[in-house]
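This report goes through selected local features of one structure, section by section. Please keep the sequence and the model at hand while reading.

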Amino acid sequence: MSSVVKDEHHDEHPSGIMRWITTTNHKDIGTLYLWFAMIMFFIGGLMALVIRSELFQPGLQFVDPQFFNSMTTMHALVMIFGVVMPAFTGLANWMIPIMVGGPDMALPRMNNWSFWIMPFAFSMLLSTLFMDGGAPAGGWTLYPPLSLQTGDAFPFLIFAIHFMGLSSIMGAINIVATILNMRAPGMTLMKMPLFVWTWLITAFLLIAVMPVLAGGVTMLLTDKFFGTSFFNAAGGGDPVMFQHIFWFFGHPEVYILILPSFGVVSAIIPTFARKPLFGYASMVYATASIAFLSFIVWAHHMFTVGMPLAGEVFFMFATMLIAVPTGVKVFNWVTTMWKGAMTFETPMLFAIGFIVMFTIGGFSGLMLAITPADFQYHDTYFVVAHFHYVLVPGSIFAIMAACYYWLPKWTGNMYSETLGKTHFWLSTIFVNLTFFPMHFVGLAGMPRRIPDYSLQFADYNMIASIGAFGFGFAQLIFLYLIIKTIKGGTKATDQVWEGAEGLEWTLSSPPPYHSFNTPPVIK
């Protein structure tokens, strides 16, 4: 078959592989992002299983400590930059033009480019596993001087991070341009679905902080290869300065990973509660407040570096303050469900699971915000438990909820509700089995990023490792279900959620002819 298909207007449209390489269609690019995220999810998951295999019992079993540290470093980089961010960007590509009533993204060719940079960035990152000296092993935070001791892999790591950042910034600019310029007539900012709002705010965060990371890692690069001493104390530099630069990026980054989740959950809860979202305006303001506060709390990651007392007190209170707008959001979701005609299809289960477990992560975050307590918790498994509760039942569950919610819209086919619910319950049981015991070993003093540990932590580590393997295998159901739904199955109707679709349409999208004020054009 020819690689070009001609339609009735004699325009040339590539088919086969060229269609995907050259596409400027927002739905195609959204699909590419989502499949890329899925592939990286399994790669990053395998790295996590290497970590949990080693920690199944005390002693050194399977891998040497250097490789173990490489796995913790690579697992984080892959999951953050290769899974959560591309998956949310994919959802944004798919849904934002539909939700704002635009024909496509504002900058379609840049959209194509911002996706295709990603596979090259991650090929470069993963290639470090095969280099002399091994993959980066300084933790995903890349703290000097430890991160500078990496062998040949170091420049590849830095270049890969620059590529990821470039992709993210281009994607974010495109999303901002689309939301601000492509809205249907009559769709004011305060009529936009919350998913669009959360992504607008997330995109501004990305544009603001990715260059900060780029600057920090470039300074690391010049310290290693060009004789500078930004972070080298022997040359008059300061390693703690790197922590300030890194976390000035790193803390807004964790909100980049969670804000789109809030948008997804704010679309799903009203649909299955069959009620409009409670407190729309307060949700918008809460999202903006979280984004603003995320810039002034970075040093809560650094309470133990010896900063002045006034600094510790400021960062403690500023961090606690973030709990207020987050609490507003949780209150609004619960209030939306209150006295609603709720049904518990798979997307709703994932959304409710998100609210419950994300809140657990929020509470442990408040514990970590308290400076004197953080001196005890810092760099223990308690911190690992905290951020995994925010990111796995938080970001990952929200992405899964979104996939189940919009799959019928994307494919025209309905997925198997039984398999979807099985996937939810297995994931929920195993995710808690994996991460809840980490709170206990952390409070008992087990440090992070170590391949071996004291005998007293053995039981909880064994439970966590069993949970991790269970969670990993449960995701194969998700993969199977998605492929099966794309290939065929029961046709989805316009009443896909049994009467809720009409409500979902008005809540999350403009009416079919894409305008609130102008009458439809009948051709």
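## Isoleucine 268

Isoleucine 268 counts as buried, because its relative accessibility is 0% and the limit for buried is under 20%. The model is a predicted one, and it places isoleucine 268 in helix α7.

Apart from neighbours within four places in sequence, isoleucine 268 is in contact with Pro347, Met348, Ala351, Ala401, Ala402 and Tyr405.

## Helices α7 and α8

Two packed helices are described by the angle between their axes and the distance between the axes. For helix α7 (residues 239-273) and helix α8 (residues 280-293), the angle is about 170° and the axes are 11 Å apart. Angles over 145 degrees count as roughly antiparallel, and α7 and α8 are therefore roughly antiparallel to each other.

On the α7 side, the contact is made by Tyr255, Leu259, Phe262 and Ser266. Met283, Thr287, Ile290 and Ala291 make the contact on the α8 side. By class, the residues of this contact of α7 with α8 divide into six nonpolar, two polar and no charged.

## Aromatic pairs

How many aromatic pairs does a search of the whole structure find? The search finds 42. One of them joins tyrosine 33 and phenylalanine 115 in an edge-to-face arrangement, with 5.1 Å from centre to centre and 80° between the planes. This pair links distant parts of the chain: tyrosine 33 belongs to helix α2 (residues 26-54) and phenylalanine 115 to helix α4 (residues 108-127), 82 residues apart. Tyrosine 33 and phenylalanine 115 are both buried.

Phenylalanine 354 and phenylalanine 358 form a stacked pair, at 5.3 Å centre to centre and with 5° between the planes. These two phenylalanines are separated by about one helical turn, because they are four residues apart in helix α10 (residues 346-369). Phenylalanine 354 is buried at a relative accessible area of 0%, and phenylalanine 358 is buried at 8%.

Ring pairs also link a cluster made up of Phe81, Trp140, Tyr143, Phe230, Phe231, Phe242, Phe246, Trp247 and Phe249.

## Charged side chains over rings

Two cases of a charge over a ring can be listed here. Arginine 19 lies over the face of tryptophan 20, at 4.3 Å from the ring centre. Lysine 224 lies over the face of phenylalanine 154, at 5.8 Å from the ring centre.

## Two residues of helix α3

Helix α3 (residues 65-100) contains phenylalanine 67. Is phenylalanine 67 buried, or is it partly exposed? Its relative accessible area is 31%, so phenylalanine 67 is partly exposed. Not counting residues up to four places away in sequence, phenylalanine 67 touches Val50 and Leu129. Phenylalanine 67 and alanine 203 are 136 residues apart in sequence, and their C-alpha atoms are 35 Å apart in space.

Serine 70 also has its place in helix α3. With a relative accessible area of 2%, serine 70 is buried. Leaving out neighbours within four places in sequence, the contacts of serine 70 are with Ala135, Pro136 and Ala137.

Key
Residues are numbered from 1 along each chain as its sequence is written. This is a predicted model: local features need pLDDT of at least 70, side-chain atom pairs count only at pLDDT 80 or more; totals for chains, interfaces and linings use all residues. Side-chain values use heavy atoms; hydrogens and water are left out. Axes are lines fitted to C-alpha atoms, for helices over the stretch in contact, and angles run from 0 to 180 degrees between N-to-C directions. Angles under 35 degrees count as roughly parallel, over 145 as roughly antiparallel, 65 to 115 as roughly perpendicular and the rest as oblique. Contact means heavy atoms within 4.5 Å. Ala, Val, Leu, Ile, Met, Phe, Trp, Tyr, Cys and Pro count as nonpolar, Asp, Glu, Lys and Arg as charged, and the others, Gly among them, as polar. Rings of Phe, Tyr and Trp (its six-membered ring) pair if their centres lie within 6.5 Å; planes under 30 degrees apart count as stacked, over 60 as edge-to-face and the rest as tilted. Buried means under 20% relative accessible area, exposed over 50%, partly exposed in between (1.4 Å probe, protein chains only). A charge sits over a ring if NZ of Lys or CZ of Arg is within 6 Å of the ring centre and within 35 degrees of the ring normal.
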